[in-house]
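I wanted to get to know this model by looking up a few places in it, one at a time. Here are my notebook entries, written so that you can follow along.

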Amino acid sequence: MPSPEPDLSPILQALTRLAADGASAQSGQAGAGDQARFMAQGQLPLDALSVQVQGVGALSQPVLPE
Amino acid sequence: MRDTGEIAPAALALHWAEGALQGLLADVALALGLDEVQAHLHNLLIYGPGQFFKQHQDTEKHPGMVATLVLVWPSAHIGGALRVVHGVDEGRLQSQHLQVDSLRWCAFYADCQHEVLPVQEGWRVVLSFDLVVPARMRQGEAAAAPALVRALREQCFPEGEPSTQPWVFLLDHEYTEHGLRWQLLKGLDRARVAALRSAAQQLGLVMHLALAEIHESWTATLRYRGRWYQSEERPPWPRQLPVFVQACEAAGLPAVLLDQLLAQCLALRIARDREQATQTPTERNSAWRWRAQYTAELAQALAHASDRAKRWARLAGHVHMHAGLYPLLRLRQLLQAFPPQAADLPDLQGLRAAVLQALAQALQTPQPPADDHRLQGLEWTCRCKDCQAVIAWAEAPDGYSLTLPMAEARRSHVQEMLRRTGTPLSCDTVKQGSPYKLVIKKPAGLHAQRSAQRRQWQEDWEALGGG
């Protein structure tokens, strides 16, 4: 578990510890935000979504190898 | 700003598999630190070869919009990476590595600057959604953390008496006037503020959200030399940054503000370098002196940051990556500006090794004889037929001048190319005959300049511990 930088103010040290401990700072939420990022990415199965374009038809998908 | 095809949402019909959208939004909310998000389809963008979207920030198109979700269709393409920047941090969605058995998605907060790099081949097809925090959502009440309550009490009630000084906590993300709401806070801000708010309530303190506008100003007296400006004449931060930061620290400026200041300085340095990287060699070289000085000052000032090792590593890595702005053969003073405690950082060691290698290579290359007048190491900005003739002559060892009978437009083009490249060549127009002649000469004293340069390389190599 990372320890707060000694140069931080006591308030920031406390906030940093909260994040590191994963202590719930908001009801029903994870920790003080150590998991919160400015961006995230992931994947979905191909069949999760199909898209119809008016006047064009369905967006095609690649054919998977057997 | 952008070069793409676009299909409006009214022309699109989406059919989600059962539970797929709910699962996706739950994953996105969790990753971004939100309780719940709703998605509004914004459009479908199609990027063909060469098409792109320049760096920009999304506008808040709906009340409660906090983020953007893009879903990349599995169409084959190369290039077209999505680059997302938040402060000094950066992330990428490399969709060209698309697995054909899945759809790739990427979500990011709406205040992040982002761009889509040009597609090289194929078609990049993307569904874009606006992510909104539902109006019914409110920040939950959290139990106040005892350590935080104690720290806040020490800050706001020193020696038991209420302080008359307000305490300010700067948020990580940017907010608009409409978006600055407790329930719409983003990322780390959200949980930190909830924790602070609970602690403040327990102490009977009142917390407010406020927009801070930071105005930067400096004299706009740009030095005019020829037709281009010396864009680095003014530092992007207070003059003599290390002294300023030291004074701030001595005056009791809270560490968090100092950290914010230094993080901003680093971000400004990187942003200004990104601008300069697109300039002509002449413009970049004209700003070298200030760029080197201010970057060295920044390296020194970062010693006062609480996360100094991370910041130094970022700066060293940035310098290493931008050889066009920071030529390896000229980095002795910058390397020496990093304080000794930064010396063991791998990024700085890598930069130092690269500089030493470049210096060693330069010194091992035999110096051309005195009657060799070739110009080397120039970054030519045009290679059209006329310019190619000049380049071939400039890179040949002969010392004679070059005479080019040319009409005015061609003469101007060649002269402009030489100016943009920043060559030491001199040009004259001989107004005799038709067309007039452009006469280009190589500089005198080239051999002496090379000798002086080698002596400097030798000194730098020894000063940096080479050998």
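Entry 1: Is B:E159 buried or exposed? I found 6 C-beta neighbours inside 10 Å, so B:E159 counts as exposed (exposed means 12 or fewer other C-beta atoms within 10 Å, buried means 20 or more, partly exposed is in between, and C-beta atoms are placed from the backbone). B:E159 sits in the loop between α2 (146–156) and α3 of chain B. I also looked up its phi, which is near 55 degrees, a positive value in a residue other than glycine. I reminded myself that most residues other than glycine have a negative phi.

**Entry 2: how to read this model.** I am working with a predicted model, where local features need pLDDT of at least 70, side-chain atom pairs count only at pLDDT 80 or more, and totals for chains, interfaces and linings use all residues. Residues are numbered from 1 along each chain as its sequence is written, while chains are lettered from A and ligands numbered from 1 in the order in which they are written.

**Entry 3: a residue in a helix.** Next I turned to B:Q201, which is in helix α3 (residues 187–202) of chain B (helices are DSSP runs of H or I with at least four residues, strands are runs of E with at least two, and both are numbered from the N terminus). With 15 other C-beta atoms within 10 Å, B:Q201 is partly exposed. B:Q201 and B:V149 are 52 residues apart in sequence, and their C-alpha atoms are 9.5 Å apart in space.

**Entry 4: helix α8 of chain B.** I counted 14 residues in α8 (residues 308–321) of chain B. From first C-alpha to last, α8(B) reaches 20 Å, close to the 20 Å expected at 1.5 Å a residue (the expected span is 1.5 Å times one less than the number of residues). Which residues of α8(B) are buried? They are B:R308, B:R311, B:W312, B:R314, B:L315, B:A316, B:H318 and B:V319. These buried residues pack against α5, α7, α9 (332–337) and α10 (346–364) of chain B (a contact means C-beta atoms, placed from the backbone, within 7 Å).

**Entry 5: chain A.** How many helices and strands are there in chain A? I found one helix and three strands, and along the sequence they follow the pattern α-β-β-β. Of the 66 residues in chain A, 30% are buried.

Note on methods: Two residues are in contact if their C-beta atoms, placed from the backbone, lie within 7 Å.
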